[in-house]
Amino acid sequence: MNRIENTEHQRLTFWEKLYLPEIAKGLGITLRQMFKPKFTRQYPEERWEPTGSYRGRPVLVLDEDGERCVACGLCSRVCPALAIEVQAAETEREKERYPEKFEINMLRCIFCGFCEEVCPEEAIVMSKDYELVFTNREDGILGKDKLLVPIHKLQDRLEFLREYK
Amino acid sequence: MPHIYIDGRLFEAKPGQTIIQVAYENNLNIPHFCWHPELSVAGNCRMCLVEVGFPKRNPDGSIQVDADNRPVINYFPKLQIACATEVSDGMHVRTKSERAIKAQEAVMEFLLINHPLDCPICDEAGQCKLQEYAFKHSRGFSRFDEEKNHKPKRVIWGPNVIFDGERCISCSRCIRFAKEIAKQDVLTFVQRGDRVTIELHPGTSFDNPYSMNVIDICPVGALTSRDFRFKSRVWDMSFNDSICEGCARGCNIKIGVRQNQILRIEPRGNPYVNRYWMCDYGRLHYQYVNENRLTSPMIRIGDKLEKTNWTEAVNSVVERLKPIQPNEIMFVASAKATVESNYLLVKFAKEIIHTKNIDLLEHFDETFGDDFLRCSDKTPNLRGARIVGASSTSHSYRISQLPDLIREGMVKALYVMEDDFDDFPELYELLDEIDLLIVHQYNLNNKLTQKADIVFPAATYAESEGTYVNVDGRVQHFKPALVTRNNLRFMGMKMSRLDKFGAFNDRWSQFEYRDVRQSWEIIQMIANKLGAGWNYRKSEDVFNEIAQHLNEFKGMTYQLLDTHFGVVVGKSKNPDPVVPVYESHYMKPD
Ligand code: SF4
Ligand code: SF4
Ligand code: SF4
Ligand code: SF4
Ligand code: FES
């Protein structure tokens, strides 16, 4: 014989089965919250500043002597979403090569951080930038002009990486 | 015949062979840097250290055995280098024993002490012998905290080669190549110990016609190509096998492609043609495939060439051929086109148009040929074209008569397949006098294209499948390395990772699939429009027909050609034996 035991109905106490006292209890909780401090943030007037561990949009580091990236293409190779395209060219600088073209397709990027992890030059890091809005596909592809970020804005992430990577 | 044991396996060796040779012929790999089968033995990298020993003998001369009845081997206290130790009967070699592995690790540690480890900016990364061995045969960490020494970088050795002293591991392969193969003995070691580096003899330049081969044999990235430097990472390119079309030697090559552009060309080992080498001309002769290509058929309207589609162009050929008598048309076959295309052109001329007027141009340059690989015949397939009947006979017009024939009005239409008149410039002037000029061409800026009435965009060798017959009569088969609209279905998956998986809206995949076809396909379209009813679906169908009809090709198939490194005409019954081909270091497929 199929008998279902331990149904919700069987688990309820007498008072719960009465229903009305429970309604009053629920309303009580709601009422209590109204007098507690508020958590809601008035975005965009009020903005949230993530910590160093946050993985926002990947950017290229621009330090005192210029861009760090040597266009080795490892980030492009490791990227599981095929978001990165790098074209190398030769420079007179000591490190011989630089990215003539560096594009990240933010429509492809899944914010995994692999590019940052593989980079031998600490040249690509995950920033705190989480505001990624564009109105067409073309704008989703970020070139070097949008990717290069001065190093002082990336200190939090670089410290985080040195400590935990 | 000496018998030797390597890692417990018995091998038969030829007298005078070294241990590493026996191993390599039997598909065993002993780690090595400086040894190369085509170069003299230098024995300076010490990477190939192995344990060598002989069975212990009893006083009566019999072999001592242990409790398990196995011979007791007396290994030499010091390790030997496998590349310079000749085998002798009964020799036992251990390549994977603890001592051998320790020695390999020690050598790797020494080599890496002063190596800059700048793989991220090194073109060799991904196909580097040092990288590979650092992974397989080293400890994986460094005990060296001092400053690495510095040496000259970016030294220009010659028109095509750049040297980086810090990356060099002093294996001397390049020096031996210069002396023994290129016969330009201008490189030498200078200094000693950890300061050692390579210099050119004062006042010389490393500019021999084969100089770029040192880039391939260099086990590290110390030698880079001035043409290629940093164009692409090696894993972002596809490498498909082909045949160089720079001259009649037909060196076997691999074509490195990304975004449907040829980025570089490398030699592929063929013991019967080019060994492991190719010339710099062949290596750098690819711009015409990448640039200025015809991308669709064109028809002359007024005095301008207008793009059109294949059907229109074929219809127009048929239409305009109508008023022309068979003996007023001349076909120019090509020593640059495949055997298949030439065969079908001949068949088309004889069976469909009913004319015997077919000939081809020779392109000889005596200054180009030498006694190594380069031939003065600068076309890949003159012999093949001749065998299938693409040159004139006593009953037909010869190409040298063409100017007179045109002037006298005997030839009113000209059909030129994959060739031009750059070596025969007086013809260009006369082309205005003929009624119809049909060409198959690669490039838009070609003079003949500019004069033509109907232009078909032809596939270059890099987009074709077919065969060439080289200067020694060796028939060699090759396949496409580039994608065209026509071969997309089967070439698509042979492209590099990015090219394969790009979506239509990725910027890196915005390259053109050219709408070019192989000449035999174009001829078949025209023939069928004229009612021939041919049904060749791929190059192989044409080749199989050739193999049936022509004695020279009898018994040949693409498969036979592929397995035997090509087959000499008329020798399909006893092709050359298959022998191992050495690969020093190469891109590992992922
Ligand atoms: S891994 Fe780093 S150095 Fe290499 S291309 Fe990417 S960002 Fe540049
Ligand atoms: S975060 Fe991940 S998905 Fe985004 S670009 Fe880097 S590797 Fe690619
Ligand atoms: S340049 Fe390359 S081939 Fe020449 S000695 Fe150095 S490592 Fe060997
Ligand atoms: S020798 Fe001839 S076939 Fe060989 S690479 Fe040079 S041009 Fe090409
Ligand atoms: S390969 Fe034997 S010493 Fe270099």
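Q: Buried area is the accessible area (1.4 Å probe) that two parts lose on being put together, summed over both. How much do chain A and chain B bury between them?

A: Chain A and chain B bury about 2,300 Å² between them, with 44% of it on carbon and sulfur atoms. On the chain A side, A:Arg77, A:Glu96 and A:Arg97 supply 29% of the area buried against chain B, more than any other three residues.

Q: Before going on, what kind of model is this?

A: This is a predicted model, where local features need pLDDT of at least 70 and side-chain atom pairs count only at pLDDT 80 or more, while totals for chains, interfaces and linings use all residues. Residues are numbered from 1 along each chain as its sequence is written, chains are lettered from A and ligands numbered from 1 in the order in which they are written, and side-chain values use heavy atoms, with hydrogens and water left out.

Q: OK. How many residues of each chain are in contact?

A: Chain A brings 28 residues and chain B brings 24. Contact means heavy atoms within 4.5 Å.

Q: And how many salt bridges cross the interface?

A: The rule finds nine between chain A and chain B. A salt bridge needs a side-chain nitrogen of Lys or Arg within 4 Å of a carboxyl oxygen of Asp or Glu. One of them joins B:Arg154 to A:Glu96, with the closest N and O atoms 3.5 Å apart.

Q: Which elements of chain A supply at least two residues of the side that touches chain B?

A: Helix H4 (74-78), strand S3 (84-90) and strand S4 (97-105) of chain A each do. S3(A) gives the most, with six residues. Helices (H or I, at least four residues) and strands (E, at least two) are DSSP runs, numbered from the N terminus.

Q: What classes of residue are on that side of chain A?

A: That side has 10 nonpolar, five polar and 13 charged residues. Ala, Val, Leu, Ile, Met, Phe, Trp, Tyr, Cys and Pro count as nonpolar, Asp, Glu, Lys and Arg as charged, and the others, Gly among them, as polar.

Q: Let's take A:Gln87 in strand S3 of chain A. Buried or exposed?

A: A:Gln87 counts as buried, at 17% relative accessibility. Buried means under 20% relative accessible area, exposed over 50%, partly exposed in between (1.4 Å probe, protein chains only).

Q: What does A:Gln87 touch in chain B?

A: Leaving out residues up to four places away in sequence, A:Gln87 touches B:Phe230, B:Lys231 and B:Arg258, among others. The side chains of A:Gln87 and B:Arg258 make a polar contact of 2.4 Å. A polar contact is a pair of N or O atoms within 3.5 Å; within protein, one must be able to donate a hydrogen and the other to accept it, and residues adjacent in sequence count only if both atoms are side-chain atoms.

Q: New topic. Which residues are around ligand 2?

A: Among them are A:Cys79, A:Cys109, A:Cys112 and A:Cys115, along with A:Pro80 and A:Met126. Being near here takes a heavy atom within 4 Å. The shell has 10 nonpolar, one polar and no charged residues.

Q: And in chain B, where does B:Glu51 lie?

A: B:Glu51 is in strand S3 (residues 49-55) of chain B. B:Glu51 is buried, with a relative accessible area of 3%, and its side chain has a polar contact of 2.4 Å with that of B:Ser97.

Q: Last one: how many residues of helix H16 of chain B are buried?

A: Eight of the 11 residues in H16 (519-529) are buried, including B:Trp520 and B:Ile523. Helix H8 (310-321) and helix H9 (339-353) are among the elements of chain B that the buried residues of H16(B) pack against.
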